[in-house]
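Dear colleague,

Here is the structure you are taking over.

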Amino acid sequence: EDLTYKKIPIRDIYFIEVFKNYLELNLSQDRHVIRSTLKDFLAVLPNEFFMQTHRSFVVNMERIDEIGGNFLQIGATKVPVSRGQKEGVLSRLKFYF
């Protein structure tokens with residue numbers, strides 16, 4: 001198999017989208033798909049920078065440009081915030097905005 005491994009600095013991850021046992025790491029100019037569960041990947045991410053906003057999304061709080069009623073704007077992407085996560089998300093973002 002032609003597997004390749006690439007080092008991705010944590011600060012370069014803008015947000016992560018979950019597709020079952022695959023994660024799509026969205027960077028400023030690129031995307032990388034890795035095979036991992038969200039639970040396992042969250043265990044290695046620094047909690048002070050990343051938070052889950054929806055069952056299918058995790059964001060780098062330093063990359064948020066705008067807060068909407070039920071979304072966070074990161075670059076050109078609107079990342080959803082679920083009803084269940086909204087209170088916790090807004091509480092954590094008080095330190096950033």
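Strand β1 (residues 15-19) pairs with β2 in the antiparallel sense over five bridges. Strands here are DSSP runs of E of at least two residues, numbered from the N terminus, and two strands pair if DSSP finds at least two bridges between them. I16 has L25 in β2 as its bridge partner. Two residues lie between the strands of this hairpin, where K20 takes a positive phi near 55 degrees. β1 also pairs with strand β5 (residues 57-60), in the antiparallel sense over three bridges; there E17 stands opposite F57.

This is a predicted model: local features need pLDDT of at least 70, side-chain atom pairs count only at pLDDT 80 or more, and totals for chains, interfaces and linings use all residues. Residues are numbered from 1 along each chain as its sequence is written, and side-chain values use heavy atoms, with hydrogens and water left out.

N26 lies in strand β2 (residues 22-26). N26 counts as buried because its relative accessibility is 4% (buried means under 20% relative accessible area, with a 1.4 Å probe and protein chains only). Leaving aside neighbours within four places in sequence, N26 is in contact (heavy atoms within 4.5 Å) with residues including D12, Y14, E17 and R31. The side chains of N26 and R31 are joined by a polar contact of 3.0 Å; such a contact is a pair of N or O atoms within 3.5 Å, and within protein one must be able to donate a hydrogen and the other to accept it, while residues adjacent in sequence count only if both atoms are side-chain atoms.

Regards

Definitions and conventions:
Helix = DSSP H or I, 4+ residues; strand = E, 2+ residues; numbered from the N terminus. Buried < 20%, exposed > 50% of the residue type's maximum accessible area, 1.4 Å probe, protein only.
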